[in-house]
There are 2 protein chains.
Amino acid sequence: MSDVKRINVVKIGGNVIDNPEALERFVCDFAKMSAPKILIHGGGKLATRLSEKLEIPTRMIEGRRVTDSETLDIVTMVYAGLVNKQIVAKLQAVGCNAIGLSGADANSVPAVRRSPVPVDFGFVGDIDATKINTGFIAALLNAGITPVFCAITHDAKGSLLNSNADSVASSVAVASTAIAPVYMHFCFEKIGVMRDVDDETSLIREILPKTYIRLRDAGVVSKGMIPKIDNAFSAVEAGVKSVIIKHSDNLLSDIGTVIRL
Amino acid sequence: MSDVKRINVVKIGGNVIDNPEALERFVCDFAKMSAPKILIHGGGKLATRLSEKLEIPTRMIEGRRVTDSETLDIVTMVYAGLVNKQIVAKLQAVGCNAIGLSGADANSVPAVRRSPVPVDFGFVGDIDATKINTGFIAALLNAGITPVFCAITHDAKGSLLNSNADSVASSVAVASTAIAPVYMHFCFEKIGVMRDVDDETSLIREILPKTYIRLRDAGVVSKGMIPKIDNAFSAVEAGVKSVIIKHSDNLLSDIGTVIRL
């Protein structure tokens, strides 16, 4: 099916998107990274700022934002439109033949609208990695084209959906293991998982399942990191070779926290 | 290079985009149309409404809108984001495997920023049909995927550009003649070119170069239609088999004005 020998799947978060200089550096590094590769990006604060300017109220339930119809339009405009196309244009300028995709495009990432019971979060889509269109992704990679996914998906019944960018990234990574061995890079604003978040020398270079249990039990891993690490372990358990959690400036270096089995 | 025998290239204007019922009907008809096919869509009034809500002033020079940086962001959000992805999601729901594209995606439609001399219209891109990535378009069509283009292009130097949707449509159609014979359908809110715009029985079924000269000289063709017909003749002169100007409700019928050599 494929000439592809190894796939790098990279996720960048909103902090990189919101910082033009960091984004510029990241784009140049990503272009230099060995292909085949796939980028998944979060949204950043622009959608929130746009909602505020348009005076669309933000509804929160249990601390989580509800994606009503107006909010879905905003995130579609910002994530699938502005952010996605700006990243693609920047990548094209530095020699990376990128293509921007929502999950609706070529039915690449179908999702299921989350049940309104017990809590209706609106147009939120959960992804099943087995439904991802890996044939299409493989064809792009074989043609030397780099997919750039935003976190907008669709229900295949005509509605767009807002998905979690980390979940899109893990699902795309897991699905791509059907094409070739996959290595994931979760880029954010820290150099990785640290014993002391204020001390970069306390970086933990590797977390295996047994060390993760010890770190959690000892309270070393901060609460905010737990979903990221859990997500990483789900990915490696589903076949991804390794996940490295790293600073977006360190994309091309091996400084970070490697999560593997 | 290609198994494709005939390509239908369809353009829909802003009037269809702005009318949810007309868009729904059009999407269902377009899905039924024989493939391979390509859709190009205009923007509609949503970008103007969004600019107004955000109090971004519209600058006009010689009756034409200037695309400054803020306006470029707006049209990118609306055309490449909301409108494009909504159309793609609707097409997916009715069995058409669509993919939404800006010109930056896979460098499909590169453009050149219009010279700021004598008039600086801002981030406006002119297209050269010979630069269009026909290899990529052919690969999609051969894979049974239907490209859906918005009129956002890029300069291949990192900047997105705002292009004219009619020009994107003609350029894509002309470039696609390298793949297979191309038939264009320009859909708008009238049934075609009429001798009397208020009388549908006065529809002109066919315009050839010599009859066009007569119609223009006699003042039969209204001013607003002249750029559309000129554009259609440029396309057929560059190798498109025929262009039919028709109502968006008549996509699957042959009612309309055929422009050919």
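User: Which residue is the bridge partner of Leu39(B) in β8(B)?

Analyst: Val148(B) is the bridge partner of Leu39(B) in β8(B). The model is predicted: local features need pLDDT of at least 70, side-chain atom pairs count only at pLDDT 80 or more, and totals for chains, interfaces and linings use all residues. Residues are numbered from 1 along each chain as its sequence is written, while chains are lettered from A and ligands numbered from 1 in the order in which they are written.

User: How are strands and their pairing to be read, and which strands pair with β2(B)?

Analyst: Strands (E, at least two residues) and helices (H or I, at least four) are DSSP runs, numbered from the N terminus. Two strands pair if DSSP finds at least two bridges between them. Strand β2 of chain B pairs with β8(B), residues 146–149, in the parallel sense over two bridges. With β1(B), residues 7–12, β2(B) has five bridges, again parallel. Opposite Ile40(B) in β2(B) stands Lys11(B).

User: What is the strand order of the open sheet in chain B, and where are its edges?

Analyst: The eight strands of this open sheet run β5-β8-β2-β1-β11-β13-β14-β12 in chain B, with mixed pairing. Its edge strands are β5(B) (98–101) and β12(B) (206–207), each of which pairs on one side only. β12(B) pairs with β14(B), residues 257–259, in the parallel sense over two bridges. There, Glu206(B) has Val258(B) of β14(B) as its bridge partner.

User: Is β2(B) enclosed or in the open, and is α7(B) enclosed or in the open?

Analyst: A residue is buried if 20 or more other C-beta atoms lie within 10 Å of its own, exposed if 12 or fewer, and partly exposed in between, with C-beta atoms placed from the backbone. Five of the five residues of β2(B), residues 37–41, are buried, so β2(B) is largely enclosed by the rest of the structure. Lys37(B), Leu39(B) and His41(B) point one way from the strand, and Ile38(B) and Ile40(B) the other way. Of the nine residues of α7(B), residues 209–217, zero are buried, so this helix lies largely in the open. Gly219(B), which follows α7(B), has a positive phi near 70°.

User: What does the largest nonpolar core contain?

Analyst: In soluble globular proteins, nonpolar side chains tend to be buried together. A nonpolar core is a set of buried Ala, Val, Leu, Ile, Met, Phe, Trp, Tyr and Cys residues joined through C-beta atoms within 7 Å. The largest one here has 163 residues, and Val172(B) is among those with the most contacts inside it. Helix α4 of chain A (residues 69–93) gives the most to this core, with 13 residues.

User: How many residues are in contact between the chains?

Analyst: Contact requires C-beta atoms, placed from the backbone, within 7 Å of each other. 34 residues of chain A are in contact with 34 residues of chain B. α4(A) gives the most to the side of chain A that touches chain B, with 14 residues.

User: How is helix packing described, and at what angle do α6(A) and α8(A) cross?

Analyst: Two packed helices are described by the angle between their axes and the distance between the axes. Axes are lines fitted to C-alpha atoms, for helices over the stretch in contact, and angles run from 0 to 180 degrees between N-to-C directions. The axes of α6(A) (residues 165–176) and α8(A) (residues 225–237) come within 9 Å and cross at roughly 15°. That makes α6(A) roughly parallel to α8(A) (under 35 degrees; over 145 is roughly antiparallel, 65 to 115 roughly perpendicular and the rest oblique). Residues making the contact include Ser170(A) of α6(A) and Ser234(A) of α8(A).

Notes
Contact = placed C-beta atoms within 7 Å.
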